[in-house]
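Hi everyone, thanks for making time this morning. Let me put the sequence and the structure up on the screen, and then we can walk through a few parts of it together.

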Amino acid sequence: MRAGAARLGASLAAVLAVGLLIVLVRADPDAGSTAQTTLLDQPAPAVTGTLEDGSTFELSRRRGSWVVLNFFTSTCVPCQREHPELVAFDQEQAGLGSLGAELHTIVQHDDREAVERFFAENGGDWPVVFDDEFRFQNAFGVAQVPETWIVDPTGTVRGRVIGEVTAEFLSTTIQRLREAL
Amino acid sequence: MRRRLSWLAVLFVTVGALAVGASRDGGPLDPGDRIDAISRRIACPVCDGESVYESRNPASEAIRSAVREGVRAGGLTDDEVIAEVADAYGAQVLLLPRATGLDALAWALPVTAAVVALAGLASAFRRWREAAVQSGEATDDDRRLVERLRAERDGDGSGGSR
Amino acid sequence: MPALSVNLALGNAGLLITLVAAAVGAASGAVALIGGNRRAIAQTHLFAWPALLGTVLSVAMMQIALAQRDYSIEFVQQVGSSTTPTLYNVAAMWSALEGSILLWVLVLVVFTAAVALRFRSRRDDPLVAWALVVMYVVTTFFALISFGPASPFAAGSTVPVGFDGPGPNPLLQNHILVLFHPPILYLGYVGFTVPFAFAIAALVTGRVGEGWLLETRRWALFSWGFLTIGILLGGWWSYEVLGWSGVWAWDPVENASLLPWLTGTAYIHSVLVQQRRGMLRVWNLSLLVATFSLTILGTFLTRSGIINSVHAFAAGEVDGYLLGFFALVVITSILLIGWRGDRLRAPGSIDSPLSREGAFLANNVVFALFAFIVLLGTVFPLIVEVVQNRQTVVGAPYFDRLSMPIGLVLLFLMAVAPVLPWRTASTELLSERLLWPAWIGAASLASAVVLGADGWAPLVAFGLGGFAAGAALRQVALSTRRHGWRGLVGRTNGGMVVHLGVILIAVALAASNTHTHSATIELERGREVAWGGHTFELVDVVREVDERTDVARADVLLDRSGVYGPAVTTYLQMGMTIGTPSVRTGFDKDVYLTIDGTNPPSVGDSTVVLRVFVKPMILWLWIGGALMALGTVMSAIPSRLHRRPTDPTSVSLSGGAR
């Protein structure tokens with residue numbers, strides 16, 4: 001009877017060890033984060049921020065146009081890298097007239113002067129929203145910049161891109177969404 | 001008799017102190033402490049398992065501010081504040097596994113293991129007692145063997161060093 | 001640059017010597033043992049010395065290379081910097097994967113040589129020879145990793161003239177504890193290789209009696225002591241450096257060090273049952289196997305990048321090796337235990353749960369359960385990922401919640417077990433022996449209530465802490481009354497001193513976890529702010545820049561009596577900014593100041609935002625740790641004069657049991 005118990009214990013330990021090994025072998029260290037969000041196809045949160053001139057920016061009042069929100073800090077290297085793409089995208093959309101998407105930069109936790117200097121040096125004259133109260137960040141759940149969100153003219157969230165974007169990707173995505181609408 | 005009275009007194013003091021201490025109303029929780037307690041239960045989304053309470057990452061600062069607003073607004077329980085953050089940032093910010101689906105295993109397995117361990121211990125003791133009753137001779141043999149070995153070792157059996 | 005490549009060449013050569021010596025030692029030893037060639041068996045120990053010399057050479061070359069900032073070596077490019085102060089430059093060796101494996105090899109060969117030296121009079125004993133073979137196999141494995149995939153002496157890419165490296169991670173170069181925490185922890189980790197090696201040797205030779213156990217008792221005890229100190233130093237470092245005022249975060253790397261500690265603690269208790277009663281043989285072997293394999297598993301978990309952790313080094317190429325070795329250790333051990341199953345059958349039985357051995361058994365079950373929970377929580381995110389391909393985190397609140405009841409049960413066992421006699425106890429006896437400890441427990445509970453503690457869990461912890469302390473003090477008091485100062489040493493009494501340390505730590509943790517208060521305070525120069533019974537006033541913002549760091553420090557007058565300087569430090573070589581807390585330590589409570597956020601204040605700022613923590617009893621954690629270390633040493637000293645360590649008592653007993 002005792003031998004039975006010992007054997008049971010040993011086989012239990014063996015099973016546990018083998019299970020652990022299987023998990024360890026199969027676990028993938030670099031499973032990337034996905035761009036999924038519970039906000040997709042939901043109304044965009046009605047949050048507010050401060051514009052450069054001190055006036056209030058209200059996301060809910062941008063209904064009627066396609067809105068692209070780019071979360072940004074001036075010190076983040078990928079943000080700096082993607083900036084020329086955003087400039088190109090903004091120019092391209094401006095060419096579409098009233099159909100074109102509006103680009104907004106949402107500044108996360110950054111020094112105002114540094115941001116203004118960055119835009120002066122690198123171009124880009126779209127509205128810059130300072131999210132000093134973390135309202136955009138918390139509503140959209142942006143953990144790490146850069147991140148880009150697409151909101152359609154009805155105020156519904158249509159897309160989220162974590163990491164750098166290209167002008168081409170943004171344009172084609174919005175074009176596709178427009179056609180689907 | 002005196003000892004029994006003494007034990008009763010110990011019991012009385014213990015139960016009394018526990019009752020006073022555990023039921024004492026420490027007043028409504030200080031909002032700062034509540035923010036701390038909640039932020040200890042949320043993982044910083046970008047810093048490898050640290051909680052928002054520990055981390056100094058800007059994302060954690062943002063989440064702390066969301067928690068602060070949730071607490072200041074009043075009317076929300078801790079769980080509701082956390083659920084709001086998890087809705088925005090995703091379930092991977094929850095430091096406590098949920099009690100549903102696969103995550104429930106994280107709670108069920110320890111409890112199962114504890115029950116199995118207790119049952120195993122109890123059955124082992126029962127078996128030993130039965131074995132001792134059935135074959136008292138063998139146990140005495142062992143006793144003598146152990147005694148002999150201990151005598152050989154040091155001639156003194158009280159549990160000292162080695 | 002000929003002088004520079006010497007470091008690289010000699011470093012590699014040293015590792016190669018160790019690798020070859022260990023591999024040849026393992027192979028020739030095993031062949032001799034299997035063939036029964038007594039002369040060859042007696043030569044097994046010889047290989048420990050070239051292995052030791054080789055690694056010492058390698059480590060010396062690494063230190064020289066670090067001191068010279070020899071950038072022809074990749075590792076030095078990675079962690080070296082001309083601006084690192086000498087002390088942290090020495091510690092830079094273990095600030096990244098390759099160097100820390102080298103440190104591991106060093107500790108391992110030192111232990112192997114120590115075994116060869118300690119058992120030199122029994123060179124031809126197959127038990128000792130097999131143990132050495134096992135140590136050689138382990139050394140071969142780590143030397144192979146260090147020589148191959150995680151080579152600290154890999155040649156670096158050519159660097160431009162005037163190149164300077166980034167230096168170690170900023171968190172690893174701003175506190176003196178980084179010099180001590182990793183090596184001491186490694187002494188504990190690696191030290192358990194010795195009892196493990198003897199356990200395997202006992203299984204192979206079939207001498208599974210108590211002989212090997214007695215011979216490795218002190219080795220296990222000292223390894224356990226070092227592991228304990230290493231873990232506590234890690235907590236201290238975290239408290240002093242990380243800025244969130246915590247000592248333990250249940251981070252996977254911390255768990256990886258706790259796991260072998262838990263099984264090791266179970267082992268040093270249950271080993272007493274086997275010594276005394278000859279029971280629990282399979283269990284003790286399993287605990288040693290678990291302890292050793294958990295050190296390997298922990299290294300794998302934390303060094304492979306498989307689990308995200310703030311401690312984790314960059315993902316290396318060593319994970320396959322470590323996982324393979326872990327599998328090898330576990331499978332070999334299980335097979336060996338199964339093979340020797342008939343000889344491991346315990347001769348006796350435990351008569352009553354109400355006995356010393358019954359309490360030890362309960363203690364072991366609780367520790368095993370604790371280890372299971374910690375392991376489960378640590379790997380749970382991986383299980384979820386494999387099954388559902390979803391990211392999850394299992395964090396501190398989970399472990400806190402589950403470890404609380406376990407901690408309380410352990411405190412209770414610590415109170416009852418020391419007064420229990422072996423074999424069986426009557427309730428009458430218990431009621432007599434436990435009365436005073438129970439009064440101490442009730443008194444500590446009552447005084448905690450008077451002092452304003454609330455919440456049932458911490459209160460129960462305070463009460464049980466007093467109860468357990470009473471039981472420990474009772475044993476020490478009785479023993480010193482009978483034997484004078486010698487009543488303080490020896491296994492039982494030293495163990496009680498360790499218990500007192502553990503109780504202090506448990507009570508301090510219960511107090512500091514439940515009664516920490518924190519606030520974010522905006523300080524204005526020259527205006528006093530009061531919070532939580534303390535006053536704070538910003539005196540000045542100071543900036544100190546040298547070639548390594550840019551320190552922005554806010555000098556804060558605390559309680560009008562002392563100036564404390566929490567700072568934000570930017571490490572210029574890496575461009576990393578970290579906060580440095582400043583702590584006023586006291587016997588009752590600590591006041592812990594850090595600058596909120598990571599933006600450094602500027603000189604002339606009239607306001608600074610501080611994050612302040614008030615934490616009770618933190619100092620007692622370290623005092624408890626010191627007591628544990630002291631108790632460990634005391635329990636290794638024989639309690640009676642005629643039992644010198646040189647006395648062959650254990651040898652003769654093992655001879656009898658053979």
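Which residues of α11 in chain C meet which residues of α20 in chain C? Before I answer, please keep in mind that this is a predicted model. On the α11(C) side we have C:Arg218, C:Leu221, C:Phe222, C:Gly225, C:Thr228, C:Ile229, C:Leu232 and C:Trp236. They meet C:Trp622, C:Gly625, C:Met628, C:Ala629, C:Thr632, C:Ser635 and C:Ala636 in α20(C). By kind, the residues of this contact are nine nonpolar, five polar and one charged.

How do these two helices lie against each other? α11 covers residues 217-241 of chain C and α20 covers residues 618-636, and they pack at an angle of about 170° with their axes 10 Å apart. Because of that angle, α11(C) is roughly antiparallel to α20(C).

Let's stay in chain C and turn to a sheet. Four strands make up this open sheet, in the order β1-β10-β9-β8, and the pairing is antiparallel. At the edges stand β1 (517-524) and β8 (582-584), each with a single partner strand, so one side of each has no neighbour in the sheet. On average, and ignoring direction, neighbouring strands are turned by 25° against each other.

We can go through the sheet pair by pair. β1(C) and β10(C), residues 607-616, run antiparallel and are joined by eight bridges. In that pair, C:His517 stands opposite C:Val614 of β10(C). Next, seven bridges link β10(C) with β9(C), again antiparallel, and here C:Ile595 has C:Leu610 in β10(C) as its bridge partner. Finally, β8(C) and β9(C) are antiparallel with three bridges, and a hairpin of four residues joins them. If you want a residue to look for there, C:Arg584 has C:Val591 in β9(C) as its bridge partner.

Is β9(C), residues 589-595, mostly covered or mostly open? Mostly covered: seven of its seven residues are buried. C:Lys589, C:Val591, C:Leu593 and C:Ile595 point one way, while C:Asp590, C:Tyr592 and C:Thr594 point the other way, and all are buried.

Now over to chain B. Its secondary structure is six helices and zero strands, and 30% of its 162 residues count as buried. Among its contacts with a separation of 6 or more, 40% are between residues 24 or more positions apart.

Let me pick out one helix, α3(B), which runs over residues 58-73. At 1.5 Å a residue, its 16 residues should span 22 Å, and its end C-alpha atoms are 22 Å apart, so the two agree. Its buried residues include B:Pro58, B:Ile63, B:Arg64 and B:Val71. What do the buried residues of α3(B) pack against? They pack against α4 (135-140) of chain A, together with α2 and α4 (78-89) of chain B. Just after the helix, B:Gly74 takes a positive phi of about 75°.

Last stop: where chain B touches chain C. Here 57 residues of chain B are in contact with 73 residues of chain C. On the chain B side, α1 (2-23), α2 (31-39), α5 (105-134) and α6 (136-153) each supply at least two residues. That side divides into 28 nonpolar, 12 polar and 17 charged residues.

That's my tour, and I'm happy to go back to any part of it on the screen.

How values were computed
Residues numbered from 1 in each chain as written. Chains lettered and ligands numbered in written order. Predicted model: local features only at pLDDT ≥ 70, side-chain atom pairs only at ≥ 80, totals over all residues. Axes fitted to C-alpha atoms, helices over the stretch in contact; angles between N-to-C directions. Parallel < 35°, antiparallel > 145°, perpendicular 65-115°, else oblique. Contact = placed C-beta atoms within 7 Å. Nonpolar A, V, L, I, M, F, W, Y, C, P; charged D, E, K, R; others polar. Pairing = 2+ DSSP bridges. Buried ≥ 20, exposed ≤ 12 C-beta atoms within 10 Å, placed from the backbone. Expected span 1.5 Å × (residues − 1).
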